Amino acid sequence: SGKDWVLPNAFHPQAPISSIRISPDGRLLAIPNSPTEVRLMEMSSGVIVRTLPHPPTGLKYLVEFVFSPSSKHLAVLAQEELAVYEIATGQQKARRQVLVMDARFALSEDILALDLGKENSARLEFWNWRTGRVQSGPFPLPWSTKGMAFDLAGKTLAVNTRDQLQLFAADTGRQLADPVRLRLGEFVQP
């Protein structure tokens, strides 16, 4: 039998409910509350433990959000602005303008990897959100990214492009191996 969570006024009708994330430690569920807020709900109880307003000024619609591997931080994209929040305090730790409204990105404990490209091209960049500096990149990719994620240690980034999976070192942006071609239902080495 399932568990029902009653969340009065928890969801705004314009919030993109398709953008939900479970923290890597399995404790929290990040859900949009309104076009400008993310609520963090405790998975075991259904209790809202924190609300993160984004951005602090001006109305911008949430596009996407992602947890760090340690579940200590959450990166939020709202239109053309990315911000990193500390979950324990709700404080914004970093903020950056991006010129791509639907950027793909992944968060580690120090690095925010993002695709700054447009439609059929990608520019992969590694931004150290703690220092506010670009650590490496941007590196061109042959196709726009469909998704990306860091390993739990935050050392390796996996990037899925149109039909390839590529691995990159987070500290240098160096490609770690030849791309693996992806086909429906199978993996094929190029």
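**Briefing: cores, strand pairing and local backbone features**

F67 counts as buried, at 6% relative accessibility. The structure is a predicted model, and F67 is found in strand 5 of it.

- Not counting residues up to four places away in sequence, F67 touches R21, I22, S23, P24, L28, A30, L40, H73, L74, I87 and L107.
- One of these contacts, I22, lies 45 residues from F67 along the chain, and the C-alpha atoms of the two are separated by 8.0 Å.
- S68 is placed in the loop between strand 5 and strand 6, and its relative accessibility of 0% counts as buried.
- With residues up to four places away in sequence left out, S68 touches P24, H73, L107, S108 and E109.
- S71 has a positive phi of about 70° although it is not a glycine, and it is buried, with a relative accessible area of 6%.

**Nonpolar cores**

- The largest nonpolar core has 14 residues, of which A75, L82, F105, L107, L112, L114 and W129 touch the most other members.
- Two or more residues of this core come from each of strand 6 (73-78), strand 7 (81-86), strand 9 (105-107) and strand 10 (111-115).
- Which residues does L112 touch, not counting residues up to four places away in sequence? They are A75, L82, F105, A106, L107, E125, F126, W127 and W129.
- A second, separate core of 13 residues includes F126, L141, L157 and F168.
- In soluble globular proteins, nonpolar side chains tend to be buried together.

- An open sheet is formed by 4 strands in the order 9-10-11-12, with antiparallel pairing.
- Strand 9 and strand 12 (133-141) stand at the edges and have a single partner strand each, so one side of each is left without a neighbour in the sheet.
- On average, neighbouring strands of this sheet are turned by 10° against each other, direction ignored.
- Strand 9 and strand 10 run antiparallel and are joined by 3 bridges.
- Within this pairing, L107 stands opposite L112 in strand 10; both L107 and L112 also belong to the largest nonpolar core.
- P138 is found in strand 12, where a cis peptide bond joins G137 and P138, with omega about 5°.

**The hairpin of strands 14 and 15**

- Strand 14 (residues 156-160) and strand 15 (residues 164-169) pair in the antiparallel sense over 5 bridges.
- How many residues lie between strand 14 and strand 15 in the hairpin they form? There are 3 residues between them.
- N160 stands opposite L165 in strand 15.
- Strands of a sheet pair through backbone hydrogen bonds, either parallel or antiparallel.

**The loop between strands 6 and 7**

- E80 has its place in the loop between strand 6 and strand 7.
- E80 and V98 are 18 residues apart in sequence, and their C-alpha atoms are 5.0 Å apart in space.

Note on methods
Residues numbered from 1 in each chain as written. Predicted model: local features only at pLDDT ≥ 70, side-chain atom pairs only at ≥ 80, totals over all residues. Heavy atoms only, no water. Core = buried A, V, L, I, M, F, W, Y, C linked by side-chain atoms within 4.5 Å. Buried < 20%, exposed > 50% of the residue type's maximum accessible area, 1.4 Å probe, protein only. Contact = heavy atoms within 4.5 Å. Pairing = 2+ DSSP bridges. Axes fitted to C-alpha atoms, helices over the stretch in contact; angles between N-to-C directions.
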